[in-house]
Amino acid sequence: MTSAHPFSAISFTHCFKLKRCLSNNNTLHHHHPNLIATMSSSDPAPNRNRSFGTESKLSGNDQTDAKPLLSLYSSSSGSFKQMPRRRVPGKPDMRRSYSRDIGHAAAETYMITRLTITLLRYLGVGYRWITRLAALGFYAALLMPGFLQVAYYYFFSSQVRRSIVYGDQPRNRLDLYLPKTLDGPKPVVAFVTGGAWIIGYKAWGCLLGQQLAERDIIVACIDYRNFPQGTIGDMVADASQGISFICNNISEYGGDPNRIYLMGQSAGAHISACALLEQAIREAKGEEGISWSVSQIKAYFGLSGGYNLCKLVDHFNNRGLYRALFLSMMEGEESLQSFSPELRIEDPSIGNAVSLLPPIILFHGTADYSIPSSASIDFAAALQRLGAQAELILFDGKTHTDLFLQDPLRGGKDEMFSHLVAVIHAGDEEALAKDATAPPRRRLVPEVLLRMASHISPF
């Protein structure tokens, strides 16, 4: 459902959002019309499109920051026409880049804080979330030695390109993690972070980006609007547009447009799966105006994700993500099936969309209580039943944050990371040879602190 993330002061504040609403059957739209009106007025883009997977276009005002889409997909011929590209300068102006990032962060912090205060005014704060906030604080403190090292890399490494604009909506930015040497086109992972659809942020993928970049893999962490700034339709549209930008522009940064992989963790796994499936449905229907294709995605990696919201809504309610609030995020109970990939693939109206999907690999820990491993088990079974290429890998005794956070902070070798790299480098003998002799990942947190953090983790 959520993840603990490095250097996140805002995350602590956002945990208060998950408080019981006054009714179990009605959404916030019914109980708190003034809250919804306030949130809408806070959105600088009131005409956002809420349809599942719809890609928004860049406005003229943003074309100076955002790169244009450099490839156009022809649904009739099934090919892409490449346009001339202008190389990006090797070394950016770090002082100007840092100042711009500070301005973006300040504006987003102000907006998110204002929306959080509005939520708290209507929903109040309960005992359950006070105790969870305390547990989260202790958990983050124990892992702080690792978080500080990751934060230093994020802000000061020349291998990180922060806040590249990919669209005209709030938070339409992504971070790039580049290998030390770009001696040829590198494989690319487009990553959508988790955060319970409320506290997701592109910087949460920094640890993964750093460690994959050490293996000559480019990582693009896509940011997207969270609730209450946006609902699930906005999140899926943002993710889809971010993927489109990567597919059409990654060669500018040394990436191989023929080796792009899509990955999501927790809520990000759900959002990215929705974006991928919706794109396949659009292509199966022969829609025009498509700026990226599922054929450009070599494989999809889903880490600790939930793919059937109808099964999870009561589970989340019991864990504190209350039903009325969750339904507001998901645009009402009637939308749960539309945003449940496990159910959507069973719909006959989508045609041959499932056959267009790339290979799908799902990772999940059996001790995950935020999103039970049955979510990945059931999705993999549904995909295989329909003839899709799907693989399920379960990790015995691993929790929701072990695979994504504690294990990488522990260093050394772990099975999930090794499998991920092996799939990405499959067929590249030189890269596989380097992987075989690569030194173990560096430990960032002492074992005693990791064990203590596991015992008090609120996840």
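**Exercises on helix and strand packing**

Helix 7 (residues 206-213) lies across strand 4, strand 5 (186-192), strand 6 and strand 7 (255-265), and runs at about 35° to strand 4. The model is a predicted one.

**Exercise 1.** Determine what strand order the open sheet of eight strands has, and which strands stand at its edges.

*Solution.* Begin with the order, which reads 3-4-6-5-7-8-9-10, with mixed pairing. Strand 3 (160-165) and strand 10 (390-395) each have a single partner strand and therefore stand at the edges, so that one side of each is left without a neighbour in the sheet.

**Exercise 2.** Describe how strand 4 is joined to strand 6.

*Solution.* Strand 4 (residues 173-177) and strand 6 (residues 218-222) run antiparallel, and four bridges join them.

**Exercise 3.** Classify the packing of helix 8 against helix 9, and find which residues meet.

*Solution.* Two packed helices are described by the angle between their axes and the distance between the axes. For helix 8 (residues 232-249) and helix 9 (residues 267-284), the angle is about 70° and the axes are 9 Å apart. Angles of 65 to 115 degrees count as roughly perpendicular, and helix 8 and helix 9 are therefore roughly perpendicular to each other. In the contact, helix 8 contributes Ile-232, Met-235, Val-236, Ala-239, Ser-240 and Ile-243, which meet His-270, Ile-271, Cys-274, Ala-275 and Gln-279 of helix 9. Sorted by class, this contact has eight nonpolar residues, three polar ones and no charged ones.

Methods:
Residues are numbered from 1 along each chain as its sequence is written. This is a predicted model: local features need pLDDT of at least 70, side-chain atom pairs count only at pLDDT 80 or more; totals for chains, interfaces and linings use all residues. Side-chain values use heavy atoms; hydrogens and water are left out. Axes are lines fitted to C-alpha atoms, for helices over the stretch in contact, and angles run from 0 to 180 degrees between N-to-C directions. Helices (H or I, at least four residues) and strands (E, at least two) are DSSP runs, numbered from the N terminus. Angles under 35 degrees count as roughly parallel, over 145 as roughly antiparallel, 65 to 115 as roughly perpendicular and the rest as oblique. Contact means heavy atoms within 4.5 Å. Ala, Val, Leu, Ile, Met, Phe, Trp, Tyr, Cys and Pro count as nonpolar, Asp, Glu, Lys and Arg as charged, and the others, Gly among them, as polar. Two strands pair if DSSP finds at least two bridges between them.
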